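This report goes through a few local features of one protein model. Please look at the sequence and the structure before reading on.

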Amino acid sequence: MKTIILGVTGSIAAYKAADIAGGLVKLGCGVHVVMTLAGASFITPLTMQALTKNRVYTDVLQEDDPSRIVHVELPQAADAFVVAPATANIIGKLACGIADDMLTSMALAAYDIPMLIAPAMNTRMYQNAVTRENLQRLTARGWTLIEPREARLACGYFGKGALARADDIIKAVADAAGVLTAQPPA
């Protein structure tokens, strides 16, 4: 079983993380969700826990088992790490190496595994030079960018910034982690 860490941040597209988690579980993956506090405002940790059958992590300071340091150990056991949706805020933090919450701490502790990022934000925020530079920094460090779609956004704008389709994200993560997506004939 492949282990996937799914980071969920504070975008209106956070509700689509349920489809991503569910799709990866259907492929036989063990999905561990880590949410920013803003992400947990859009979709509850309980929803993600029910879909994945795993504890959802939101607080880097909450360590239930004193013999483990989850934000270090879980990424070491993972086969892939994906942030979907990724806000401009989290992209900036990841690009600068800021580790001030569970998600960014896990991302810094992830080593030698596929790292994927699927932005979702207002088109002007996505096109902002700072966001573009931060994404370039991440891709230069080996992160795979799952491009957002062009669509009518929650803010009313039309443009690039809508989260990629769940099926496209699932496929990218499965491919990166080496998950078999086609079942051999019985």
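Is R55 exposed, partly exposed or buried? R55 is partly exposed, because its relative accessible area is 28%, where buried means under 20% relative accessible area, exposed over 50% and partly exposed in between, with a 1.4 Å probe and protein chains only.

## Basis of the model

This is a predicted model, in which local features need pLDDT of at least 70 and side-chain atom pairs count only at pLDDT 80 or more, while totals for chains, interfaces and linings use all residues. Residues are numbered from 1 along each chain as its sequence is written, and side-chain values use heavy atoms, with hydrogens and water left out.

## The surroundings of R55

R55 sits in the loop between α3 and α4 (70-77); helices (H or I, at least four residues) and strands (E, at least two) are DSSP runs, numbered from the N terminus. Not counting residues up to four places away in sequence, R55 touches V33, Q49, Q62 and D64, contact being heavy atoms within 4.5 Å. From C-alpha to C-alpha, R55 and P114 are 22 Å apart in space, and they are 59 residues apart in sequence.

## Helix α1

Helix α1 (residues 17-26) is largely enclosed by the rest of the structure, because 7 of its 10 residues are buried. The buried residues are A17, A18, I20, A21, G22, G23 and L24. They pack against β1 (3-8), β2 (30-35), α3 (45-52), β3 and α9 (166-177). After α1 comes G28, with a positive phi near 95 degrees.

## The aromatic pair

The structure holds 1 aromatic pair. F81 and W143 form this pair, which is edge-to-face, with 6.3 Å centre to centre and 85 degrees between the planes. For such pairs, rings of Phe, Tyr and Trp (its six-membered ring) must have centres within 6.5 Å; planes under 30 degrees apart count as stacked, over 60 as edge-to-face and the rest as tilted.

The pair links distant parts of the chain, 62 residues apart: F81 is in strand β3 (residues 80-86) and W143 in the loop between α8 (129-140) and β5 (144-145). F81 counts as buried because its relative accessibility is 0%. W143 is buried as well, at a relative accessible area of 11%.

## Helices α5 and α8

Helix α5 (residues 88-96) and α8 pack with their axes 9 Å apart, at an angle of about 45 degrees. Axes are lines fitted to C-alpha atoms, for helices over the stretch in contact, and angles run from 0 to 180 degrees between N-to-C directions. The two helices, α5 and α8, are therefore oblique to each other: angles under 35 degrees count as roughly parallel, over 145 as roughly antiparallel, 65 to 115 as roughly perpendicular and the rest as oblique.

On the α5 side, the contact is made by A88, I91, G92, L94, A95 and C96, and on the α8 side by T131, N134, L135, R137 and L138. These residues divide into 7 nonpolar, 3 polar and 1 charged. Here Ala, Val, Leu, Ile, Met, Phe, Trp, Tyr, Cys and Pro count as nonpolar, Asp, Glu, Lys and Arg as charged, and the others, Gly among them, as polar.

## Backbone details

A84 and P85 are joined by a cis peptide bond, with omega about 5 degrees. P85 lies in strand β3.

K53, a residue other than glycine, has a positive phi near 60 degrees. K53 is exposed, at 69% relative accessibility.
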